[in-house]
Amino acid sequence: MLTKVRTATLSGIRGYPVTVETDLHRGLPGFHIVGLADTTIKEASMRIKPAIQNCGGVFPGEKVTVNLVPAGRPKEGSHFDLPIALGIMMLGSEMIELEDTAFIGEVSLDGTINGVRGALPLAICLREAGIRNLVLPLENAEEASILEDINILPVSHLQQAADYVLGRYNLPLYKRKETGRPPEAGSLDFAQVIGQESVKRAILVGAAGNHGILMMGSPGCGKTMMARRIPGILPALTYEEKVEITGIYSVAGLLSPDRPVIEQRPFRSPHHNITQTGLIGGGTRPRPGELSLAHRGVLFLDELGEFESKVIDAMRQPIEEGVIRINRNLEEVIFPSEVMMVIASNPCRCGNLWDNRNPCTCSRQQLQSYRRKLMGPFADRVDIHIKVNPVDKDMLNRLEGLPRMSTAEMRDKVSRARAIQNERYRKESFQSNGQLDEKGIARYCVLGKEGRELMMASYDRLGLSMRAYSKILKMARTIADLEGSDRIRTEHVAEALMYRVDLDTV
Ligand SMILES: Nc1ncnc2c1ncn2[C@@H]1O[C@H](COP(=O)(O)OP(=O)(O)O)[C@@H](O)[C@H]1O
Ligand SMILES: [Mg+2]
């Protein structure tokens with residue numbers, strides 16, 4: 001006697017279909033799970049027996065063997081409880097056709113079905129594998145119902161699921177609650193920022209071309225305030241992006257009844273005492289870190305100088321590649337991390353270096369070690385480097401009543417510049433100027449004679465590195481796109497040069 005129930009397992013943020021085979025043999029009573037199951041699955045044996053009995057079912061008095069197919073792939077997760085329990089309950093009964101139905105769910109001792117991590121990626125892989133019906137915990141129904149072309153059948157008790165597979169009860173289809181309500185108009189608007197128009201312009205360029213940005217300035221000049229407003233000027237998420245990001249949050253266990261689907265561009269601002277694993281991701285059962293939770297949104301590192309050097313260095317490779325690779329359990333787990341990097345920093349540890357009123361109390365040595373940490377190879381990979389000046393009282397008075405660039409205006413410009421890039425890079429592996437590699441730069445960032453001369457003169461005068469040189473070309477391309485200009489003109493180069501301030505020497 002053999003039953004087969006379909007389910008799936010997770011690897012990083014991807015799901016893979018699995019079939020649970022259950023077989024009964026003569027012999028001493030026993031319960032074995034084979035097929036590279038991890039401890040959460042092995043523990044299922046402890047939960048399932050009482051759960052089945054509490055549903056009025058009979059746990060077989062013979063030898064039960066559960067085999068998870070394909071045997072070669074490692075499997076994890078308490079969501080195997082439900083398919084395993086059903087496989088056992090179906091032994092000896094008339095089985096209904098289950099070819100196109102799959103099951104996920106954690107089972108309590110009393111038979112209650114609890115929500116699980118990763119329901120959305122599991123559902124995605126099952127849909128791709130031809131599954132039409134997915135029976136899952138009620139808690140995960142809203143999240144999974146973002147998908148089309150798969151019937152979501154929520155259950156809250158093992159009894160319901162058992163009655164369904166035994167053909168005694170028809171599970172009602174889940175109807176999505178989400179009404180597609182528009183994202184709430186943000187209370188964070190760039191119009192609230194007084195002055196700082198040149199910083200806002202640099203931020204606009206960064207958002208338009210997907211360039212990272214590093215702002216250095218005295219405490220209280222508005223760095224954090226402006227950083228928080230950046231997601232508001234990025235284009236609204238597409239359906240595909242929502243599914244992708246919600247999948248990441250699902251695996252991280254960060255969805256809730258209040259927020260079953262991620263509708264807004266992520267803004268993550270990890271505290272500076274975060275661990276390397278917290279930032280990059282990992283662990284015995286790999287979970288996404290902040291770099292992946294910020295995928296397709298903003299990763300804001302406030303007070304970069306306070307982060308551990310080791311943690312800063314660990315971000316270098318993921319930022320360059322756009323993905324994080326973690327080797328675990330015979331396989332490579334991949335987490336995405338395409339983020340807009342936004343960094344804020346004081347000029348020195350005490351913060352007063354650029355302040356005329358308060359003297360800086362840092363020693364020369366402290367100053368040097370702070371800058372060394374800040375301006376290392378990681379920051380060098382961030383395109384835009386600017387200095388943020390305080391807005392003093394006189395300036396406040398003068399600025400009163402002057403027009404201020406608002407979030408709506410900025411978002412509009414970003415959208416238009418991004419549309420131009422999408423069109424230009426339609427056949428490329430990248431979508432934005434910030435992602436251009438050397439070949440892309442040579443092809444798409446061609447300067448006129450005058451622009452080239454300006455670049456050459458600046459190369460010597462500013463002592464630019466080759467890396468800084470390419471970054472300026474990419475930013476000039478974005479500035480031209482913001483203007484809707486095919487050609488990169490000299491004034492675009494001149495503006496781009498302002499966004500590569502050598503913060504080490506100011
Ligand atoms: N340019 C500005 N316009 C309006 N308010 C500002 C500005 N700069 C600073 N503030 C006010 O000062 C507070 C502190 O600014 P913050 O962004 O935290 O500074 P920083 O991060 O540079 O230390 C903000 O919450 C805001 O209320
Ligand atoms: Mg701040």
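The model is predicted, so local features need pLDDT of at least 70 and side-chain atom pairs count only at pLDDT 80 or more, while totals for chains, interfaces and linings use all residues. Residues are numbered from 1 along each chain as its sequence is written, chains are lettered from A and ligands numbered from 1 in the order written, and side-chain values use heavy atoms, without hydrogens and water.

**Exercise 1. Classify the packing of helix 19 against helix 21.**

Step 1. Locate the elements. Helix 19 spans residues 449–461 and helix 21 spans residues 490–498. Helices are DSSP runs (H or I, at least four residues), and strands are E runs of at least two, numbered from the N terminus.

Step 2. Take the geometry. The axes come within 8 Å and cross at roughly 25°. Axes are lines fitted to C-alpha atoms, for helices over the stretch in contact, and angles run from 0 to 180 degrees between N-to-C directions.

Step 3. Classify. Helix 19 is therefore roughly parallel to helix 21. The cut-offs are under 35 degrees for roughly parallel, over 145 for roughly antiparallel, 65 to 115 for roughly perpendicular, and oblique for the rest.

Step 4. List the contact (heavy atoms within 4.5 Å). Glu450, Gly451, Leu454, Met455 and Ser458 of helix 19 meet Thr490, Val493, Ala494 and Leu497 of helix 21. By class, these are 5 nonpolar, 3 polar and 1 charged. Ala, Val, Leu, Ile, Met, Phe, Trp, Tyr, Cys and Pro count as nonpolar, Asp, Glu, Lys and Arg as charged, and the others, Gly among them, as polar.

**Exercise 2. Do likewise for helix 7 and helix 20.**

Step 1. Helix 7 (residues 197–209) packs on helix 20 (residues 466–482) at about 95°, with axes 9 Å apart. Helix 7 is therefore roughly perpendicular to helix 20.

Step 2. Arg201, Leu204, Val205, Ala208 and Gly209 in helix 7 meet Met475, Thr478, Ile479 and Leu482 in helix 20. The contact has 6 nonpolar, 2 polar and 1 charged residues.

**Exercise 3. Give the distances from oxygen atoms of ligand 1 to Gly220, Thr224 and Met225.**

Step 1. Gly220: a polar backbone atom lies 2.6 Å from a ligand oxygen.

Step 2. Thr224: an N or O atom of the side chain is 2.7 Å from a ligand oxygen.

Step 3. Met225: a polar backbone atom is 2.8 Å from a ligand oxygen.

**Exercise 4. Describe the Val69–Pro70 peptide bond and phi of Leu36.**

Step 1. The Val69–Pro70 bond is cis, with omega about 5°. Pro70 sits in the loop between strand 4 (63–69) and helix 3 (81–89).

Step 2. Leu36 has phi near 50°, a positive value in a residue other than glycine. Leu36 lies in the loop between strand 3 (30–34) and helix 1 (39–42).

Note on methods. A polar contact is a pair of N or O atoms within 3.5 Å; within protein, one must be able to donate a hydrogen and the other to accept it, and residues adjacent in sequence count only if both atoms are side-chain atoms.
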